[in-house]
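Biologist: I am new to this structure and would like to learn how to read some of its features. Please take them one at a time.

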Amino acid sequence: MSDTSDLFAKANDAYFDDDYDEALSLYSQTIEADATHAEAFMRRCTVYQKLNQLDKALADADKALEILSGPKGTRSLLARAHLQRGIVQFNLKQYPEAQKSFESAKELNPNERTLATWLRKVQDVLPPPPPAPKQEEPAPAVQAPAPSTPQNVRARHEWFQNDAFVTVEVFIKKVNKDDVSLDFFDRSLSLSIKMPTGSTFSLELDPLAHEVLPKECSYKVLSTKIEIKLKKKTEGIKWGTLEGEDELPTTMASTSVSSSRKPKDWNKLVQEIEKDQDKPEGDAALNSLFQQIYSGADEDTRRAMMKSFVESNGTCLSTNWAEVGSKKVETKPPEGMVAKKYEI
């Protein structure tokens with residue numbers, strides 16, 4: 001089984017790298033090792049479509065459906081297989097057959113990805129059905145109201161993980177443990193609950209992002225939720241998603257807070273503090289600024305600065321020689337203050 005899993009994983013890698021010849025070879029090797037590997041048949045079906053070998057693709061889709069009609073099948077996997085066959089039939093221009101396959105997929109899982117798109121495509125190419133002939137309606141008979149059919153219950157679910165387990169919490173109240181049916185598989189789980197009102201809740205997670213160990217998975221029925229623990233087959237791998245293809249799995253980060261932050265460069269920090277301490281403040285900072293302006297100025301600017309500063313007794317500083325060169329610069333004390341001559 002381990003060799004089969006390795007072959008299947010390598011085939012998926014080749015497929016996502018667009019190396020279809022390598023993927024085809026590896027999927028075929030997977031099927032040779034396990035002739036009941038339905039997912040390998042469905043993936044090889046996709047590769048055959050990429051290579052425009054549609055007859056072989058249809059044969060693989062039919063084989064996957066045959067396998068999934070047995071004990072290994074789940075509603076979700078069967079829906080995917082019907083969808084896959086419908087896509088091949090559509091590409092073969094077998095439009096009525098494709099529509100039947102898509103409708104079968106819809107009955108099993110109406111939320112199957114891309115199903116709605118393919119249903120629209122096949123409806124666009126098929127002629128509209130003829131209108132039904134009008135018939136005279138008989139007088140309505142008085143009948144007792146039919147009992148309402150219980151609707152499926154909806155509930156949200158959330159998940160989190162650690163090195164060894166993925167925990168799925170299904171938030172649903174007042175559940176009797178004897179009414180819960182939960183089946184674990186290598187890459188999926190199927191949950192069904194009979195509610196006291198006669199309604200049914202079902203949850204299909206298929207495919208899971210990574211393989212789990214079904215015999216080491218468990219669940220608890222609590223007062224407000226059902227807690228499902230999935231044992232990771234490969235410990236330490238961080239799941240990027242709960243379902244579907246996890247293209248970039250990573251290792252779990254350390255729980256230490258310090259490890260998730262960039263280390264401080266303490267030498268650089270000390271240098272910055274010392275640099276700040278060396279900066280002048282107050283009048284010293286102002287004089288430093290004037291010196292920088294004066295040292296980089298041209299001759300007229302320097303003359304204007306010196307003349308305005310001296311003649312105004314330090315209350316005015318101008319860099320415009322055309323403005324201050326032809327007249328005396330008056331003292332302009334700050335608002336609220338009066339200029340007085342200093343007498344010795």
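Modeller: Start with D18, which is exposed, with a relative accessible area of 53%. Buried means under 20% relative accessible area, exposed over 50%, and partly exposed in between, with a 1.4 Å probe and protein chains only. This is a predicted model, in which local features need pLDDT of at least 70 and side-chain atom pairs count only at pLDDT 80 or more, while totals for chains, interfaces and linings use all residues. Residues are numbered from 1 along each chain as its sequence is written, and side-chain values use heavy atoms, with hydrogens and water left out.

Biologist: Where is D18 found?

Modeller: D18 is in the loop between α1 (2-16) and α2 (20-33). Helices (H or I, at least four residues) and strands (E, at least two) are DSSP runs, numbered from the N terminus.

Biologist: How do I read phi?

Modeller: Most residues other than glycine have a negative phi. D18 is not a glycine, and its phi is positive, near 65°. N52, also not a glycine, has a positive phi of about 60°. N52 lies in the loop between α3 (38-50) and α4 (54-68) and counts as exposed at 60% relative accessibility.

Biologist: How is a pair of aromatic rings described?

Modeller: By the distance of the centres and the angle of the planes. Rings of Phe, Tyr and Trp (its six-membered ring) pair if their centres lie within 6.5 Å; planes under 30 degrees apart count as stacked, over 60 as edge-to-face and the rest as tilted. The whole structure has 6 aromatic pairs. One of them is the tilted pair of Y15 and Y20, 5.8 Å centre to centre with 55° between the planes. Y15 counts as buried, at 16% relative accessibility. Elsewhere, F90, Y95, F102 and W118 form one aromatic cluster.

Biologist: Which charged end sits over the ring of W118?

Modeller: That of K121, 4.2 Å from the ring centre. A charge sits over a ring if NZ of Lys or CZ of Arg is within 6 Å of the ring centre and within 35 degrees of the ring normal. K231 likewise lies over the face of F165, 5.7 Å from the ring centre.
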